[in-house]
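Try each task yourself, then follow the solution step by step.

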Amino acid sequence: MGSKRKREEEDMAVGEIVWQTPANPPQRSDYILLNGRRHVRPYYFEFIAHVKNRWAGKTIVDLFAEEFKGRPYEYYIDAVKCGRIQVDGELVPVSYIVRSSQKISHFLHRHEPPVMACDVKILKEEADVLTVCKPASVPVHPCGQYRKNTVVGILQAEHGLAPLFPIHRLDRLVSGLLILARNSSKADLFRQQIESGLVKKQYIARVVGVFPEKEQLVDVNINYNAREGRSTAEMVDSCSDARTKGKTAQTKFTRISSDGIHSIVLCEPITGRTHQIRVHLQYSGYPIANDALYLTKEASCRSVERTNADRAAAHCPARDTEEDCVDGCKEKSGEDFSIDSMCTNCPNLGPKGYEGDEEGLWLHCVRYSGPGWIYECPYPEWASF
């Protein structure tokens, strides 16, 4: 028997691997703080999916290779052979043909992308409501490759706060006020108020250029392209019968201050479309000054290179812990977590494709208010000139 195959069978030995599910809560020891980034120690996890109609009729290996291209074809062959990919809880051969609605389990060594190593600061803790200042780059709740490196996960690991029900969403790169209900009935009440238009939202943004002094109301439809992960402004021609794809969207903008190069703008979204503030600012000619997705070349030329202070404000300082790396940019490996012989990300701590530094967007939620309640969050450093 080859050494590779022997290692794979040893990995699957009973009792050696602990597969995690959502029932396994994040723990403080799951995190490694390194060079200003919060990493998660890799762990074994069961991903579950059900066979879609368009998947039916394919072999189990071809299905994974075509639908989940992040790993090589050979990995999926080995994963099926050693039982890391199963169908309806059973081992199957690599030639197995899947059928609609069958349950597919993929047991793998999960590496989560790093986020900025900022604390999730608790602003107010009440009997049925928790408000926090969400750091940029940290998703609110489990999604995609993120599970423990989320606001909900960090609050559970570091403060024992669970369950939590986010009542509104902030994009991953956006910082600021996040309201979480501590029970489902309070969450439902908040959501009813939001859907009824009873809740007012305020954000601040740092934009390119000198924003007009007079209040601006942008009333332009927004069309979100899920495949591209971005939205576009869509003008409505009242003289045309052509149907529009976008959804109605309105945002009110008011200039707070300007240094002649950038402006701090109060943003009050009346509707809640994906990337609404970012797209409406771009449409108005004053995009967010560090928004790589919506900053045009023309607008970029009107900006200037950020100062060292700007860079510091865009990131939170690295926390001083004994786990911090001493020799700069080397990733932690073997001694800090168990290496998996089949994992395509090991021995690195983070997953492939997430090696670069990431900057928080200069967009920050500062205030939510509704019938009889107001919650606020302090301004970030980049909001002052």
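This is a predicted model: local features need pLDDT of at least 70, side-chain atom pairs count only at pLDDT 80 or more; totals for chains, interfaces and linings use all residues.

**Exercise 1. Work out why helix α4 is described as largely enclosed by the rest of the structure.**

Step 1. Seven of the nine residues of α4 (residues 151-159) are buried, so the helix is largely enclosed by the rest of the structure. Buried means under 20% relative accessible area, exposed over 50%, and partly exposed in between (1.4 Å probe, protein chains only). Helices (H or I, at least four residues) and strands (E, at least two) are DSSP runs, numbered from the N terminus.

Step 2. The buried residues are Val151, Val152, Gly153, Ile154, Leu155, Ala157 and Glu158.

Step 3. Now look for their neighbours: these buried residues pack against β1 (31-34), β2 (37-40), β7 (121-125), β8 (129-134), β9 (165-166) and β10 (175-181). Contact here means heavy atoms within 4.5 Å.

Residues are numbered from 1 along each chain as its sequence is written, and side-chain values use heavy atoms, with hydrogens and water left out.

**Exercise 2. Decide whether Glu158 is buried or exposed, and find a polar partner for its side chain.**

Step 1. Locate Glu158 in helix α4.

Step 2. Its relative accessibility is 15%, so Glu158 counts as buried.

Step 3. The side chain of Glu158 makes a polar contact of 3.0 Å with the side chain of Arg38. Such a contact is a pair of N or O atoms within 3.5 Å; within protein, one must be able to donate a hydrogen and the other to accept it, and residues adjacent in sequence count only if both atoms are side-chain atoms.

**Exercise 3. Describe the surroundings of Lys352.**

Step 1. Lys352 sits in the loop between α8 (308-314) and β17 (363-370).

Step 2. With a relative accessible area of 57%, Lys352 is exposed.

Step 3. Leaving aside residues up to four places away in sequence, Lys352 touches Thr344 and Asn345. A polar atom of the Lys352 side chain lies 3.0 Å from the backbone oxygen of Thr344.

Step 4. Finally, compare sequence with space: Lys352 and His111 are 241 residues apart in sequence, and their C-alpha atoms are 9.0 Å apart.
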